[in-house]
Amino acid sequence: MGQPNAKAFAAIAIPLLIGAAVSVLLGVYAKTHEPSAFSVNIAGFSGPQAVKAWLATVAFLLALCQFASALAMYGKLPVRTPSWIGTAHAWSGRLAVLVSVPVAVHCLYALGFQQYDTRVLLHSLLGCFFYGAFVAKMLLLTRKGLPGWAIPVAGGLVLAGLTGLWLTSSLWFFQNNGLTF
């Protein structure tokens, strides 16, 4: 293995290891602490589950904006890429994570790591994975000399994690409760 390959490997491996550590630490914390029943609620919503479902939906829609803007930035769409697309990409990502934080806080503190059925176990695992993948992607963005596929793969993993979270929470909530607020 030549020197450039070793540097590229380290540039990828270190953020991935840190992201994996974040995932594991979130899971351990969520599993070992006593859930506090602390809930996130916003006036006008019927309860914390509705708040979480709608905030997660906003985060998911912003993540879809991230996906579309990434496709445009990488020249994968048959349209001329506007000059502001990079800024839109960065801000849709920032807002998606910002909107997801109250949901994660509620899940970590009020519920903890749950595994009483397959959907809930998958949701708990995906929550830990999403934030670990997000941390890894943010760290990868600061690295130079990465292979061209590294950032798109990291972004795809973040999107996959958030999609899984949305499917196992918000979609499930809306299917069982309707489009309630």
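Leaving aside neighbours within four places in sequence, which residues is leucine 55 in contact with?

**View 1. Surroundings of leucine 55 in the predicted model.** Beyond its neighbours within four places in sequence, leucine 55 is in contact (heavy atoms within 4.5 Å) with Val99, Pro102 and Val103. This is a predicted model, in which local features need pLDDT of at least 70, side-chain atom pairs count only at pLDDT 80 or more, and totals for chains, interfaces and linings use all residues. Residues are numbered from 1 along each chain as its sequence is written, and side-chain values use heavy atoms, with hydrogens and water left out.

**View 2. Confidence along the chain.** The average pLDDT (the predictor's confidence in each residue, from 0 to 100) is 89, and 95% of the residues score at least 70.

**View 3. Packing of H3 and H4.** Helix H3 (residues 85-111) packs against helix H4 (residues 118-141) at about 140 degrees, with the axes 12 Å apart. Axes are lines fitted to C-alpha atoms over the stretch in contact, and angles run from 0 to 180 degrees between N-to-C directions. Val97 and Val101 are among the H3 residues that meet H4, whose side includes Phe130 and Phe134.

**View 4. The largest nonpolar core.** A nonpolar core is a set of buried (under 20% relative accessible area, 1.4 Å probe, protein chains only) Ala, Val, Leu, Ile, Met, Phe, Trp, Tyr and Cys residues joined through side-chain atoms within 4.5 Å. Of the 16 residues here, Leu55, Phe130, Leu162 and Leu165 touch the most other members.

Notes. Helix = DSSP H or I, 4+ residues; strand = E, 2+ residues; numbered from the N terminus. Buried < 20%, exposed > 50% of the residue type's maximum accessible area, 1.4 Å probe, protein only.
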